[in-house]
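Here is a short briefing on the structure shown below. It starts with a sheet, then takes up the fold around it, a helix pair and a chain contact.

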Amino acid sequence: MKRFGDVVAVAGVDLELPAGKLISFLGPSGCGKTTLLRMIAGLERPTEGRVFLDDEDITDRPPHLRDIGMVFQTLALFPHLSVAGNIGYGMRIRGVGRGDMRTRVEELLQLVSLEGLGERRISQLSGGQRQRVATARALALEPRLFLLDEPLSALDANLREQLQVELRLLQQKLGITTIMVTHDQREAMTMSDLVVVIRLGEVEQVGAPLDVYRRPATPFVASFIGRTNILRGEASDGLVRIAGQTFDVDGAVTPGAVTVSVRPEDAHLLVGEVPERNALSGRVVFVRDLGELFECYVDCGLEEHVVVAGSPRERVHVEQGERVTVSFPREACVVVRG
Amino acid sequence: MLAVFFLAPFGFMLATSFYRRIEGGFYEPAFVFGSWQRLAHGVFIERTLFSIGICLLAGAVCIAVAFPFTYFLTRMRRRPHVILLVLIMSALALSEVIVGFAWSVLLGRAAGISNILVWLGAMDEAQAYQPSFVAVLLGLCYIAFPYCILTLYPQLTRLDPEVTEAAQTMGASPWRTFWTVVVPIGRPIIMAGFLLVFVFTLGSYLIPAFLGRPEHWTLSVFISDQATFNANVPFAAAMALFLTVLSLGVVALVMWTESRTRRAF
């Protein structure tokens with residue numbers, strides 16, 4: 001728990017994270033994920049609560065005594081040192097001998113594909129190269145914990161995707177416990193073993209990427225990760241009614257308001273009005289056919305348009321203004337609230 | 001612009017240094033070496049060396065205090081940060097005369113620091129710490145301090161706090177971080193601040209006069225002395241020129257050594 005004056009940045013977070021895995025702290029800007037990471041690093045002191053590393057209470061330990069390596073959002077490379085100087089800094093502080101240091105720096109340069117660039121100045125490097133130097137530097141002393149604060153946010157899209165894969169492969173090769181903060185859900189989905197979704201300082205859900213995607217626990221998680229259709233209705237007498245239609249849903253419901261999430265690719269489009277359970281009829285508002293992807297926006301009388309998506313094989317030929325029925329299979333109707 | 005405001009007066013002073021002094025306080029255009037010959041005497045050589053020495057020392061002391069101070073200042077929370085900055089900058093409003101008088105009282109025997117110490121029981125008898133070498137040094141540092149901070153401040157505020165945090169995550173304690181990261185990065189401004197204090201204090205003539213005995217007077221005191229009391233303007237001009245050229249030489253030497261000792265790792 002971390003409070004800055006009147007602002008509660010992180011509240012009641014109780015997490016136990018597995019070793020050797022890549023864990024993402026995912027959430028929108030300002031949700032407290034970076035604050036949480038900094039508390040793990042020792043750069044912020046929790047107002048309440050403790051931090052444990054392998055059953056050791058490290059809450060009162062300053063950052064330079066924790067066994068961590070961290071990559072910062074701004075990379076924070078030392079401008080007055082060369083690439084080799086940056087990577088070898090930790091070893092220099094520890095008093096490692098010249099020869100050993102040089103060998104290890106070479107090893108690390110190879111690990112991040114920067115062989116031969118040891119003598120370059122930081123100002124001479126590209127964004128991607130700098131990122132790799134920051135990574136090598138953080139891993140130089142073989143820390144128990146590898147922390148990354150939005151490490152790829154400063155890079156352009158292509159480079160980012162390439163480095164996502166590189167970083168993940170590197171992490172898997174080294175088997176090092178890694179915690180990464182990101183606001184990009186695709187990045188989290190690509191790289192993580194475990195995703196921790198955070199909103200306004202609280203943990204909304206923890207799980208493997210596909211689990212979080214398929215079974216979101218809250219409306220926020222459902223709409224933050226991927227896109228979804230949020231359907232709101234009422235439950236009574238064991239039945240769920242949405243927009244006047246009866247629905248069978250996946251999950252327990254209590255009487256009262258119910259919110260259901262259905263991914264666009266799980267919904268089906270039927271031409272004409274087909275009366276059946278788990279279906280809403282409406283009018284086609286927009287068709288988006290990108291060749292590789294097909295999307296249809298339907299106005300079913302809800303607050304937002306229902307989106308039906310599918311691969312080219314599932315393309316249903318409809319036109320704007322046509323009356324259609326959208327079917328929501330029971331297994332795809334995930335109860336996210338109520 | 002440069003020609004009008006710098007070269008012309010400089011040239012005029014150069015010419016004046018060769019003029020002949022007339023008894024009674026005036027000088028006439030001439031070309032004599034009298035002033036320059038007088039300058040070559042032991043006393044003035046010794047005074048020059050002393051001036052350069054004490055001003056280099058003042059530079060070192062100022063930087064040694066101002067650099068860590070400014071660094072911590074930039075790390076402070078907004079409110080105390082701004083208040084401290086305003087307090088320091090307000091010292092700039094004080095003239096050298098006021099500073100000189102204030103320190104001569106503070107270091108004196110009648111109503112100074114030692115009187116407080118006696119009152120607190122730490123000392124038996126009040127002592128006068130001025131006029132003395134330390135008093136002059138203290139006074140010089142005091143007037144130069146705000147300027148030193150002004151030189152260091154912009155660069156230090158721009159220092160990314162994540163850089164020092166990164167050093168800490170790699171095992172450097174705050175102390176080691178300061179010496180292995182902050183100081184090397186701040187090297188250019190440390191040099192700039194040091195040289196600024198050196199040049200600035202070299203021109204101070206009131207502080208050494210107020211707070212020091214004649215053996216602590218810098219060349220600037222003698223220059224003003226000769227110009228105002230002895231009315232020997234040509235001689236004053238010669239001394240001033242000599243001082244200017246010499247200090248330029250020292251600055252050049254320091255900058256040259258600094259660029260030679262720069263390393264990559």
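In this predicted model, chain A holds an open sheet of five strands, ordered 13-12-11-14-20, with antiparallel pairing. Its edges are strand 13 (245–247) and strand 20 (334–337) of chain A, each of which pairs on one side only. On average, neighbouring strands of this sheet are turned by 45° against each other, direction ignored.

- Strand 12 (residues 239–242) of chain A runs antiparallel to strand 13 of chain A, and three bridges join the two.
- Across this pairing, A:Val240 stands opposite A:Phe247, which belongs to strand 13 of chain A.

**Chain A overall**

- Chain A has nine helices and 20 strands.
- Its C-alpha atoms fill a box of roughly 80 × 45 × 30 Å, taken along the principal axes.
- Chain A has 338 residues, and 41% of them count as buried.
- Among contacts in chain A with a separation of 6 or more, 66% come from residues 24 or more positions apart.

**A helix pair in chain B**

- Helix 3 (residues 42–75) and helix 7 (residues 133–157) of chain B pack at an angle of about 45°, and their axes are 7 Å apart.
- Because of that angle, helix 3 of chain B is oblique to helix 7 of chain B.
- The crossing of helix 3 of chain B past helix 7 of chain B is right-handed.
- From helix 3 of chain B, the contact draws on residues including B:Ile54, B:Leu57, B:Val61, B:Ile63 and B:Phe67.
- From helix 7 of chain B, the residues in the contact include B:Val136, B:Leu140, B:Phe145, B:Ile149 and B:Leu152.
- Cysteines take part as well, among them B:Cys62 of helix 3 of chain B and B:Cys141 of helix 7 of chain B.
- By class, the residues of this contact between helix 3 and helix 7 of chain B are 20 nonpolar, three polar and no charged.

**Where chain B touches chain A**

- The contact between the chains involves 17 residues of chain B and 21 residues of chain A.
- On the side of chain B, the elements that give two or more residues are helix 8 (161–169) and helix 9 (174–185) of chain B.
- Helix 8 of chain B gives the most to that side, with six residues.
- The residues of chain B on this side divide into nine nonpolar, four polar and four charged.

Notes:
Residues are numbered from 1 along each chain as its sequence is written. Chains are lettered from A and ligands numbered from 1 in the order in which they are written. This is a predicted model: local features need pLDDT of at least 70, side-chain atom pairs count only at pLDDT 80 or more; totals for chains, interfaces and linings use all residues. Helices (H or I, at least four residues) and strands (E, at least two) are DSSP runs, numbered from the N terminus. A residue is buried if 20 or more other C-beta atoms lie within 10 Å of its own, exposed if 12 or fewer, and partly exposed in between; C-beta atoms are placed from the backbone. Two residues are in contact if their C-beta atoms, placed from the backbone, lie within 7 Å. Two strands pair if DSSP finds at least two bridges between them. Axes are lines fitted to C-alpha atoms, for helices over the stretch in contact, and angles run from 0 to 180 degrees between N-to-C directions. Angles under 35 degrees count as roughly parallel, over 145 as roughly antiparallel, 65 to 115 as roughly perpendicular and the rest as oblique. A crossing is left-handed if the near helix is turned anticlockwise from the far one by less than a right angle, and right-handed if clockwise. Ala, Val, Leu, Ile, Met, Phe, Trp, Tyr, Cys and Pro count as nonpolar, Asp, Glu, Lys and Arg as charged, and the others, Gly among them, as polar.
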